[in-house]
Amino acid sequence: MAPQTVFLRNLWYYALPSAALKPAQMVSKLLLGEPVLFARKKDGSVFAIRDICPHRGMPLSYGQFDGNEVECCYHGWKFNEAGTCTCIPALVGHEGITPENIRVRDYPLQEQQGGLWIFMGDGKPPGELPPVPTIPDIPLTARPAICETMHFPCYLDHAVIGLMDPAHGPFVHTSWWWRSRKSIHEKSKPFGPSHLGFTMKRHKPSSNSFAYKLLGGTPETEISFQLPGVRIEHIRAGRNVIGGLTCVTPINDTETEITHAIYATTGWLKLLAPIIRLFARRFLNQDRDVVVRQQDGLKYEQT
């Protein structure tokens, strides 16, 4: 299959969990084929800049971060959170060069519900950015009880289709704790348009999904899908709310990162987090395994 290079722009992409970026720490990632350096300052604020020094092309992630500015390891150029060069040690004063006129690209970055979201624009960002995807009834300062990240060896579209495709569930996601092949039955769900996508309107979960029974009461769920690759599941069972966030972020033409986070307004989910994490990884691995097998067929497609 020929490489594909088209990614949607001017949208928020899930970059990484908040917990993956500690104070005075930086993390380098490839997103949409672009090298991006994430950093958290000593005061807890975060920023993202292009991970390439404009001087000699050295990745800034090889340098030092003092909790405020990033220093290139090659010639000591320093850059702040806005991507502005603040220091060029080799200057002696008569060159007529103003470091502040030199910049590396910075990216809008927002932190909420325990995740870092980056706005991947095709140029200068608009004056007012669109809202970051959020899970209803979950505080913006909340952290997920469970967060798992996995790489899929496929182009973005194949991973996104897996998020939206309900027909693969009975064949790919068969487990004693979820559902079996014998439990397949006819069912229909109501759908409607929503922001940047569509929503599977609120309904009772499938009776053959054992995991939902753990919530007690009569749970109801609503699932929304929005570009570029975000799935939000909102489950209400009495006074309790369970929120599921699944995000698909392209790394490059052939690799995609999947992040799945679970939130809850009830405390028992945190107690069961180690067990539920095993189930979540099993679920993601099932999706990953089928994508790996799919590549054996896609390589023969003519594009």
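This is a predicted model: local features need pLDDT of at least 70, side-chain atom pairs count only at pLDDT 80 or more; totals for chains, interfaces and linings use all residues.

Trainee: Where is Glu148 found, and which residues is Glu148 in contact with, leaving aside its neighbours within four places in sequence?
Mentor: Glu148 is found in strand E12 (residues 146-152). With those neighbours set aside, the contacts of Glu148 are Ile258, Thr259, His260, Arg277, Arg281 and Leu284. A contact requires heavy atoms within 4.5 Å.

Trainee: How many aromatic pairs are there?
Mentor: The count comes to six. One of them is formed by Tyr14 and Trp117.

Trainee: What makes Tyr14 and Trp117 an aromatic pair, and what kind of pair is it?
Mentor: Their rings are 5.3 Å apart, centre to centre, and the limit for a pair is 6.5 Å. The angle between the planes is 85°; over 60 degrees counts as edge-to-face, so this pair is edge-to-face.

Trainee: Which parts of the chain does the pair of Tyr14 and Trp117 link?
Mentor: The pair links distant parts: Tyr14 is in strand E1 (residues 11-17) and Trp117 in strand E11 (residues 115-120), 103 residues apart.

Trainee: How do you know whether Tyr14 and Trp117 are buried?
Mentor: Tyr14 has 3% relative accessibility, and Trp117 has a relative accessible area of 2%. The cut-off is under 20%, so Tyr14 is buried, and Trp117 is buried too.

Trainee: Why is the pair of Phe47 and Phe65 given its label?
Mentor: The centres are 6.0 Å apart and the planes are at 70°. With limits of within 6.5 Å for a pair and over 60 degrees for edge-to-face, the pair is edge-to-face. Phe47 lies in strand E4 (residues 46-50) and Phe65 in strand E5 (residues 64-65), so the pair ties together parts 18 residues apart in sequence. Phe47 and Phe65 are buried.

Trainee: Which residues form one aromatic cluster?
Mentor: Phe191, Phe198 and Phe225 form one.

Trainee: What volume does the second largest pocket have, and which residues that line it are the closest to its centre?
Mentor: The volume is about 230 Å³. Of the 20 residues lining the second largest pocket, Leu8, Val160, Leu227, Pro228 and Gly229 are the closest to its centre.

Trainee: How do the residues of that lining divide, and which element gives the most?
Mentor: The lining of the second largest pocket has 16 nonpolar residues, three polar and one charged. H1 gives the most, with six residues.

Definitions and conventions:
Residues are numbered from 1 along each chain as its sequence is written. Side-chain values use heavy atoms; hydrogens and water are left out. On a 1 Å grid over the protein atoms alone, a cavity is a set of points where a 1.4 Å probe fits but cannot get out, and a pocket is an open set with protein on both sides within 12 Å along at least five of seven lines; lining residues have an atom within 4 Å of a point. Grid points are joined across faces, edges and corners, and a volume is the space filled by probe spheres set on the points. Helices (H or I, at least four residues) and strands (E, at least two) are DSSP runs, numbered from the N terminus. Ala, Val, Leu, Ile, Met, Phe, Trp, Tyr, Cys and Pro count as nonpolar, Asp, Glu, Lys and Arg as charged, and the others, Gly among them, as polar. Rings of Phe, Tyr and Trp (its six-membered ring) pair if their centres lie within 6.5 Å; planes under 30 degrees apart count as stacked, over 60 as edge-to-face and the rest as tilted. Buried means under 20% relative accessible area, exposed over 50%, partly exposed in between (1.4 Å probe, protein chains only).
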